[in-house]
Amino acid sequence: MTVGIVLVSHSPALAQGLADLVAQIGSGEVPLAVAGGAGDGRLGTSVDLVQEAIRAADRGQGVVIIPDLGSAVLTVRTVLGDGHGDGRGVVMVDAPFVEGAVAAAVTAASGATVDEVAEAARQARDVPKF
């Protein structure tokens, strides 16, 4: 079992595209779910979709949530209550959306803990592209 990852984006297409990339990098071993859009196909975020994605990605080892923009953060905070974690191993991280998701997936695939996966996503902010 590995830590799950949830990608929260205002755009269903962006969330699914990143999930496709991450799934290939994570070799399909990492439970991955998306909460993209407002639930009716429009741009936005949805508390219900975030809750569903957490349930889908949770295999008992914890879940790292990576949001794309500010109001996605607010939606996740609504779901988690205190804004950072729910006390059961579900944690939102402040990380770049693409790089953070990739780093989280690689780290999760290695069998890391939820805290290690979250930290890998955070540290992706400081990794130069060239």
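Trainee: Where is histidine 10 placed?
Mentor: Histidine 10 sits in the loop between β1 (4–9) and α1 (12–25). Please keep in mind that this is a predicted model.

Trainee: Does histidine 10 count as buried or exposed?
Mentor: Histidine 10 counts as buried, because its relative accessibility is 16% and the cut-off for buried is under 20%.

Trainee: Which side chain does the side chain of histidine 10 join in a polar contact?
Mentor: That of serine 71, through a polar contact of 2.5 Å.

Trainee: And what else is histidine 10 in contact with, leaving aside its neighbours within four places in sequence?
Mentor: Besides Ser71, the contacts of histidine 10 are Gly37, Arg42, Leu43, Gly44, Thr45, Asp68, Leu69 and Ala72.

Trainee: Thr45 is on that list. Which threonine makes a polar contact with the side chain of threonine 45?
Mentor: Threonine 75 does, side chain to side chain, at 2.5 Å. Threonine 75 belongs to helix α3, and its relative accessibility of 9% is why it counts as buried.

Trainee: How do α2 and α3 pack?
Mentor: Helix α2 (residues 47–57) and helix α3 (residues 70–80) have axes 9 Å apart, and the packing angle is about 65°. Their crossing is right-handed. From α2, the contact uses Val47, Val50, Gln51 and Ile54, while α3 supplies Thr75, Val76, Thr78, Val79 and Leu80. That contact has 6 nonpolar, 3 polar and no charged residues.

Trainee: Let us change topic. At what angle do α1 and α4 cross?
Mentor: The axes of α1 and α4 cross at roughly 30° and come within 9 Å. This crossing, too, is right-handed.

Trainee: Which residues of α1 and α4 meet?
Mentor: Leu14, Leu18, Leu21, Val22 and Ile25 of α1 meet Phe97, Val98, Ala101, Val102, Ala105 and Val106 of α4. By class, the residues of this contact are 11 nonpolar, with no polar and no charged ones.

Trainee: What about α4 and α5? How do their axes cross?
Mentor: Helix α4 (residues 97–109) and helix α5 (residues 114–123) have axes that come within 7 Å and cross at roughly 150°. The two helices are therefore roughly antiparallel to each other, given that angles over 145 degrees count as such. The crossing of α4 past α5 is right-handed.

Trainee: Which residues meet there, and how do they divide by class?
Mentor: On α4 they are Gly100, Ala103, Ala104, Thr107 and Ala108, and these meet Glu116, Val117, Ala120 and Ala121 on α5. The contact of α4 with α5 comprises 6 nonpolar, 2 polar and 1 charged residues.

Trainee: One last residue. Where is glutamate 99 found, and what is it in contact with?
Mentor: Glutamate 99 is in helix α4. Neighbours within four places in sequence aside, glutamate 99 is in contact with Ala124 and Lys129. At 28% relative accessibility, glutamate 99 counts as partly exposed.

Trainee: How far is the C-alpha atom of glutamate 99 from that of valine 50?
Mentor: The two C-alpha atoms are separated by 20 Å, and glutamate 99 and valine 50 are 49 residues apart along the chain.

Key
Residues numbered from 1 in each chain as written. Predicted model: local features only at pLDDT ≥ 70, side-chain atom pairs only at ≥ 80, totals over all residues. Heavy atoms only, no water. Axes fitted to C-alpha atoms, helices over the stretch in contact; angles between N-to-C directions. Helix = DSSP H or I, 4+ residues; strand = E, 2+ residues; numbered from the N terminus. Parallel < 35°, antiparallel > 145°, perpendicular 65-115°, else oblique. Left-handed = near helix turned anticlockwise from the far one by under 90°. Contact = heavy atoms within 4.5 Å. Nonpolar A, V, L, I, M, F, W, Y, C, P; charged D, E, K, R; others polar. Buried < 20%, exposed > 50% of the residue type's maximum accessible area, 1.4 Å probe, protein only. Polar contact = N/O pair within 3.5 Å; in protein donor to acceptor, adjacent residues only side chain to side chain.
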